[in-house]
Amino acid sequence: MPRPPSAMRRQILDSALRLFAEHGFKGTSLQDIAAGAQCSKASLLYHFAGKDAILTELLTPPAESLYAMGEELASLRGDQAVEAAVTGYVGLAMRFRREVKIIFAELPDMLGHPVLAVIPRAVDQLAAALSGRSDEPRARVRAQMVIGGVAVTVAADVDAEPGTMRAELVQGALRTLGHRTG
């Protein structure tokens, strides 16, 4: 049964997000998370059933956001789809940088995680929008390059201001997709 939100719950989630991003899911213990949240392991276990429950709560917002964006992009075509997909995807990647890093660090193990079940369909929808709904292999390859490139870049802890990173990711993605940039 989920516990009501509390400051301690948020501290635990913040600690877990930081530690999972730094040391990986497997490389982080419940004791590490509790220490980072300045609580006891018992207190942590009062709020969460275990590490998987923490991971699920951390990855649900980005997975749901990616899915929702894919649904919004479904009705767009051509340049309108490409531009909305690029800016939307870069925005999500920037917003969920640590979560992206966690997913990429342990991707093979993570793919079976229930909260990530929506991701393959959402990525397909994003790729379709990024390609402008084109069936041309060139367009589809470029779309996949943008998906991977943006994710790897935000997960790499590049030392750049968020505004600069966002602008460069959008411009680079649009160039990769063969669109003129300002």
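## The buried face of helix 9

In this predicted model, helix 9 buries A139, A143, V146, I147, V150, A151, V154 and A155. Looking down the axis of helix 9, you will find these buried residues within an arc of 150°, so they line one face of the helix.

## Length and ending of helix 9

Helix 9 is made of 19 residues, and the distance from its first C-alpha to its last is 27 Å. That is close to the 27 Å expected at 1.5 Å a residue. Just after helix 9 comes D157, with a positive phi of about 55°.

## The largest pocket

Helix 9 also has a part in the largest pocket: along with helix 4 (51-73), helix 5 (78-95), helix 6 (97-105) and helix 8 (119-130), helix 9 (137-155) gives two or more residues to the lining. The largest share, four residues, comes from helix 8. The volume of this pocket is about 470 Å³.

In total, 20 residues line the largest pocket, and those nearest its centre are L66, I103, F104, I119 and V123. Which class of residue makes up this lining? By class, 19 of the lining residues are nonpolar and one is polar, while no charged residues are found there.

Definitions and conventions: Residues are numbered from 1 along each chain as its sequence is written. This is a predicted model: local features need pLDDT of at least 70, side-chain atom pairs count only at pLDDT 80 or more; totals for chains, interfaces and linings use all residues. Side-chain values use heavy atoms; hydrogens and water are left out. On a 1 Å grid over the protein atoms alone, a cavity is a set of points where a 1.4 Å probe fits but cannot get out, and a pocket is an open set with protein on both sides within 12 Å along at least five of seven lines; lining residues have an atom within 4 Å of a point. Grid points are joined across faces, edges and corners, and a volume is the space filled by probe spheres set on the points. Ala, Val, Leu, Ile, Met, Phe, Trp, Tyr, Cys and Pro count as nonpolar, Asp, Glu, Lys and Arg as charged, and the others, Gly among them, as polar. The expected span of a helix is 1.5 Å times one less than its number of residues. Buried means under 20% relative accessible area, exposed over 50%, partly exposed in between (1.4 Å probe, protein chains only). The arc is that of the directions from the helix axis to the C-beta atoms.
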